[in-house]
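This briefing is intended for a reader who is meeting the structure for the first time. Please keep the sequence and the model in view while reading the points below.

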Amino acid sequence: MKKIFLSFLILFIFSAKIFSQNFEISGKVIDLKTKESLPFVSIIYNSQNQGLTTDLDGKFTISDKKIVEFLKFSYLGYESKKIEIDNEKINNFLFVFLKAKHIEIDEVVIVAGENPAHRIIKKATENKDKNNPENMSSFSYTSYNKLVITTDYLKQLSKDTTFKNTLDTNSTSSDSSKVSAKNFFESQHLFLMESVSEKKFLYPSRNKEEIIASRTSGFENKSFTLLATQLQSLSFYEDFIRLSEITYLNPISKGSTRKYFFDIKDTILEDKDTIFVIYYRPKKNKKFKGLKGTLHINTNAYAISSVIAEPSRYEKDEAIGMKIQQKYKLIEENGNKKWFPVQLNTDLIINSESIVLGSDGGATFKLIGIGKSYLKDIKLNPELNKKEFGHIALEVNEDAHKKDDEFWNEYRIDSLTKRDKFTYHIIDSAFKANNIEKKLWVLETLFRGYIPVYFMDLDISKIFRYNLYEGFGLGIGAKTNQKIAKWFSVGGYFSYGFKDKSFKYGGNTEIYFDKFKENKFYFSYENDVHEIGGYSFYKEDNFTSTGVFSSDRMREMMIKNMFIEEKKKIGFEFRALDYVQGNLFLAQKNKYLKNYFYINEENISKKYLYQTEVALQFRYAFREQYASLFNNKISMGTKYPVFWLNLYRGIKDFNSNFEYSKVELKIYKTFLSRIFGKTYLQLFAGYIDGQVSYLDLYNGHGGFAAKIPIEADNSFNTMKLNEFYADKFVNFFFKQTFGKLPIDTRIKFLDSPRISIMQSIGIGFLSDKNNPNENLNSYDKAYFETGLILDNILDLKSYSSYGFGIFYKYGEYSSNKPANNFVYKLSMRFDF
């Protein structure tokens with residue numbers, strides 16, 4: 001019995017050893033020259049064509065019941081390689097080097113009949129809604145994120161033999177700057193960032209991502225760690241894929257076979273399923289923003305198992321180039337099955353910046369970024385409560401930067417390399433020596449539109465202004481910052497107009513009740529000028545394109561008719577129910593316009609108009625989400641329309657001359673379509689009940705001034721600014737922006753024009769009581785205008801672009817002479 005027992009024991013041990021040695025193989029596939037890992041390399045083993053692909057780091061592991069006889073590696077653009085397996089050395093970790101071959105990937109491929117890849121792509125498109133993780137009722141996961149900023153040193157080393165030879169210090173051609181570059185970049189990165197985040201999702205669009213751990217080389221500021229989690233979308237199933245602020249049509253979308261060329265490059269058997277490796281790029285006769293790369297489609301649900309994507313054509317002088325890689329895994333949990341991303345890689349090429357080493361400029365390198373995210377603890381359809389989600393979708397925990405090594409080792413996929421550790425050590429020391437943390441605080445303040453000077457923040461928007469009434473205006477504005485107190489601030493401004501030769505000034509005090517300063521009590525005083533018949537909405541800069549340099553703001557330069565107003569105001573701003581922002585205030589106003597007198601109900605002429613007004617303003621953006629960044633909340637947008645509502649009530653008392661009610665509405669919506677591009681819709685409406693002065697009516701929102709022929713969005717570009725007035729109106733503005741025209745100028749600053757069409761419609765009524773002298777014109781027969789804009793003809797990358805527009809008015813207010821209905825304007829776009 002003992003001999004039998006020992007025999008079985010030896011057999012068991014031997015079997016276990018054989019199993020561990022012969023049936024599991026691990027390794028990594030690497031580019032022979034650049035030494036970069038190769039993701040999604042097809043690996044076939046044994047004669048049954050069993051196979052798999054490498055992960056995003058080029059790694060692979062094969063576990064099989066049968067002994068592996070050989071491995072065959074194939075990858076698009078590389079020479080195939082076959083390795084016979086020596087089972088005696090199977091425990092060795094394999095490093096497989098593939099050699100790139102010089103081929104034209106865009107060569108003409110003739111497909112007889114229907115392209116067989118089309119059937120697979122159509123199947124994947126039909127199943128994309130079912131496979132999209134963001135169509136699940138809920139999910140959650142934890143991710144480890146790492147972002148490295150370095151240079152293309154290794155790529156230069158592999159491509160440039162002269163550069164490689166100069167790195168030999170024994171060579172007579174040795175260049176000290178290049179040798180220094182070698183020593184520097186082989187020992188450290190330029191920048192390193194790590195984070196661990198917990199993500200929760202509840203259908204249809206509730207998101208919550210918390211950074212629970214963060215580490216950044218050089219400083220403790222936690223906001224930067226958000227960048228590593230936001231480099232790319234979670235999945236590759238939306239109709240449009242956004243890379244580096246540019247939107248591209250997804251090859252897995254309806255009708256994509258008409259625009260994209262697809263080619264099956266390989267098939268792999270994995271378990272009982274087949275994986276199709278499909279190369280894609282835009283068809284040569286199609287002009288659209290497309291991607292190129294490879295798709296791995298698994299016949300199990302025709303889901304994406306991996307994808308590589310980058311722009312098929314980079315824009316001229318594009319600041320940042322981007323390439324993404326995603327790997328999916330079939331997750332099975334509690335009866336649920338879903339292909340879910342488990343690894344996301346992002347490669348960045350920062351073209352706008354470079355590193356020059358050596359006084360002679362002997363070594364110049366491009367900056368590159370390498371971002372990696374690894375997802376784990378994936379839960380499918382967990383029970384999540386709506387109360388867990390708010391309007392802040394992305395934030396960093398207060399103690400995120402205090403995690404110890406034990407915590408990090410639990411989440412890191414691989415231990416920190418020597419280069420990683422040295423980067424943390426060197427950059428931390430250098431940043432402390434140069435007080436970078438303080439300089440970062442300056443950048444944070446600039447991000448909010450202010451310049452920090454000791455305990456004051458200077459308001460950039462108050463330095464300069466221009467319009468046809470004031471001419472050029474110079475001024476200064478400032479408020480106290482957190483160095484005085486975090487819970488309140490005191491500020492003011494002063495300005496002088498060189499044309500109207502008058503001073504404008506004001507001051508305010510704010511008391512805050514939350515760290516984002518959304519709930520605050522305030523009181524203010526100002527003596528300034530305002531447009532006759534103008535109107536505005538609360539926090540309309542938050543979402544619509546009405547920033548300082550937007551096309552909407554071009555209209556402000558054309559304003560010629562203004563009045564002087566002294567205003568005292570006390571109010572309270574608040575956020576309610578996540579998506580509502582409000583402003584409740586009481587104001588006393590004293591208005592004055594030269595050579596204008598108001599005749600009241602007692603037929604008494606009034607030069608100064610006194611008003612007491614109570615108002616409630618709302619902004620409602622359903623499911624708008626924010627990122628907590630640099631001590632501010634930054635809107636991440638919403639796919640739903642955004643609403644603004646103003647309610648005013650004029651109170652007649654011993655000082656006020658007027659009793660009235662005002663209701664004003666604004667609705668904004670924008671969306672993308674596969675065929676037509678981006679659509680912008682805006683509607684404005686106003687209603688006055690009661691008698692008001694000429695100063696408080698609504699002007700038609702014209703945008704035509706002969707002295708400033710610049711196109712202004714969301715206004716009538718053929719209507720003079722004070723041509724019409726109303727006490728009841730509705731204006732609607734439509735703009736459709738298509739892609740670039742198929743013109744290649746090949747001149748540095750001349751670019752392919754981007755075409756847009758515009759349609760503007762408005763109607764305004766004016767009652768007799770608000771037009772007693774009948775000297776004001778309404779537009780009650782409806783005003784119609786259409787326009788064509790060619791943007792981006794002259795493109796100063798990263799700063800501004802220029803084009804021109806043609807506008808035509810028609811209908812009751814058009815001229816009998818067609819030529820008089822045309823208006824020609826310059827188009828200007830700024831990107832700051």
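This is a predicted model: local features need pLDDT of at least 70, side-chain atom pairs count only at pLDDT 80 or more; totals for chains, interfaces and linings use all residues.

Strand 1 (residues 24-31) and strand 4 run antiparallel and are joined by five bridges.

- Lys28 has Lys59, a residue of strand 4, as its bridge partner.
- The side chains of strand 4 (residues 59-63) alternate along its course.
- Phe60 and Ile62 point to one face of strand 4 and are buried.

**Helix 2**

- The buried residues in helix 2 (residues 116-126) are Ala117, His118, Ile120, Ile121, Ala124 and Thr125.
- Because these residues cover an arc of only 165° around the axis, they lie on the same side of helix 2.
- The packing partners of the buried residues of helix 2 are helix 3 (128-131), strand 13 (260-270), strand 14 (273-282) and strand 15 (291-298).

- Tyr153 belongs to helix 4 (residues 153-159).
- Tyr153 counts as buried because its relative accessibility is 3%, and buried means under 20%.
- Although 213 residues separate Tyr153 from Lys366 in sequence, the two are 8.1 Å apart in space, C-alpha to C-alpha.
- Ile368 is part of strand 19 (residues 363-380).
- With a relative accessibility of 16%, Ile368 also counts as buried.
- Ile368 and Val148 are 220 residues apart in sequence, yet their C-alpha atoms are 8.3 Å apart in space.
- When neighbours within four places in sequence are left aside, Ile368 is in contact with Val148, Ile149, Thr150, Thr151, Asp152 and Leu348.

**Nonpolar surface patch**

- A nonpolar patch on the surface is formed by Leu446, Ile451, Val453, Tyr454, Phe455, Ile460, Ile463, Phe464, Phe472, Leu474, Ile484 and Phe498.
- Together, the residues of the patch have about 1200 Å² of accessible area.
- At least two residues of the nonpolar patch come from strand 21 (450-453), and at least two come from strand 24 (471-480).
- Tyr454, one of the patch residues, is located in the loop between strand 21 and strand 22 (456-459).
- Tyr454 counts as exposed because its relative accessibility is 67%, and exposed means over 50%.

How values were computed: Residues are numbered from 1 along each chain as its sequence is written. Side-chain values use heavy atoms; hydrogens and water are left out. Patches are made of residues with over 30% relative accessible area and no salt bridge: like charges are joined within 9 Å, nonpolar side chains (Val, Leu, Ile, Met, Phe, Trp, Tyr) within 5 Å. Accessible areas come from the Shrake-Rupley method with a 1.4 Å probe; for residues, only the protein chains shown count as cover. A salt bridge is a side-chain nitrogen of Lys or Arg within 4 Å of a carboxyl oxygen of Asp or Glu. Helices (H or I, at least four residues) and strands (E, at least two) are DSSP runs, numbered from the N terminus. Buried means under 20% relative accessible area, exposed over 50%, partly exposed in between (1.4 Å probe, protein chains only). Two strands pair if DSSP finds at least two bridges between them. Contact means heavy atoms within 4.5 Å. The arc is that of the directions from the helix axis to the C-beta atoms.
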